[in-house]
Amino acid sequence: MFYLENERMRIAVSTKGAELQSLYDKQHDKEWLWQGDPTWWAKRAPFLFPFVGALKEGKYCHEGKTYTMSK
């Protein structure tokens with residue numbers, strides 16, 4: 001695990017895959033990412049950016065402009 005922090009926030013990133021594991025707000029004592037509470041769901045849900053899977057025709061539209069992106 002790799003950690004990066006300043007006076008306000010602390011993040012934890014896994015060394016394998018660079019998956020964001022924690023986004024902790026020190027000022028409000030609040031964790032913003034799901035930590036895998038087995039009471040509800042023990043697994044994690046990584047952030048996949050910008051898309052999961054393939055785009056229809058390899059294109060997407062944002063604010064009226066069409067962009068192309070391969071897998």
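User: Patches are made of residues with over 30% relative accessible area and no salt bridge, with like charges joined within 9 Å and nonpolar side chains (Val, Leu, Ile, Met, Phe, Trp, Tyr) within 5 Å. Which residues make the nonpolar surface patch of about 420 Å²?

Analyst: This is a predicted model, where local features need pLDDT of at least 70 and side-chain atom pairs count only at pLDDT 80 or more, while totals for chains, interfaces and linings use all residues. Residues are numbered from 1 along each chain as its sequence is written, and side-chain values use heavy atoms, with hydrogens and water left out. Areas come from the Shrake-Rupley method with a 1.4 Å probe, and for residues only the protein chains shown count as cover. The nonpolar patch of about 420 Å² is made by Trp34, Trp40 and Trp41.

User: What's the strand order in the open sheet of four strands?

Analyst: Strands of a sheet pair through backbone hydrogen bonds, either parallel or antiparallel. Two strands count as paired if DSSP finds at least two bridges between them. Here the pairing is antiparallel, and the order is E1-E2-E3-E4.

User: How many bridges join E2 to E3?

Analyst: E2 (residues 9-13) runs antiparallel to E3, and Met9 stands opposite Asp25 in E3. The two form a hairpin with six residues between them, and Gly17 in the turn has a positive phi of about 90°. The number of bridges joining E2 to E3 is five.

User: Which residue in the turn of the E3 and E4 hairpin has a positive phi?

Analyst: E3 and E4 run antiparallel with two bridges; Tyr24 stands opposite Glu31 and Asp25 opposite Lys30. Most residues other than glycine have a negative phi. This hairpin has four residues between its strands, and the one in the turn with a positive phi, about 50°, is Asp29.

User: What's the relative accessible area of Asp29?

Analyst: Asp29 lies in the loop between strand E3 (20-25) and strand E4 (30-31). It counts as exposed because its relative accessible area is 59%.

User: Over to E5 and E6: what phi does Glu63 take in their hairpin?

Analyst: Four bridges join E5 to E6, which run antiparallel, and Cys61 stands opposite Thr66 in E6. Glu63 is in the loop between strand E5 (59-62) and strand E6 (65-68), and it is exposed, at 74% relative accessible area. The hairpin has two residues between the strands, and Glu63 takes a positive phi near 50°.

User: Which side chains meet in a salt bridge?

Analyst: A salt bridge is a side-chain nitrogen of Lys or Arg within 4 Å of a carboxyl oxygen of Asp or Glu. A search of the whole structure finds one. It links distant parts of the chain, 21 residues apart, from strand E1 (residues 2-5) to the loop between E3 and E4. At 2.4 Å, N to O, the partners are Glu5 and Lys26.

User: How does the Tyr60 and Tyr67 pair count: stacked or edge-to-face?

Analyst: Rings of Phe, Tyr and Trp (its six-membered ring) pair if their centres lie within 6.5 Å; planes under 30 degrees apart count as stacked, over 60 as edge-to-face and the rest as tilted. By this rule there is one aromatic pair. Its rings, Tyr60 and Tyr67, have centres 5.2 Å apart and planes at 20°, so the pair is stacked.

User: Last one: which residue lies over the face of Trp32?

Analyst: A charge sits over a ring if NZ of Lys or CZ of Arg is within 6 Å of the ring centre and within 35 degrees of the ring normal. Over Trp32, at 4.8 Å from the ring centre, the residue is Lys30.

Conventions
Buried < 20%, exposed > 50% of the residue type's maximum accessible area, 1.4 Å probe, protein only.
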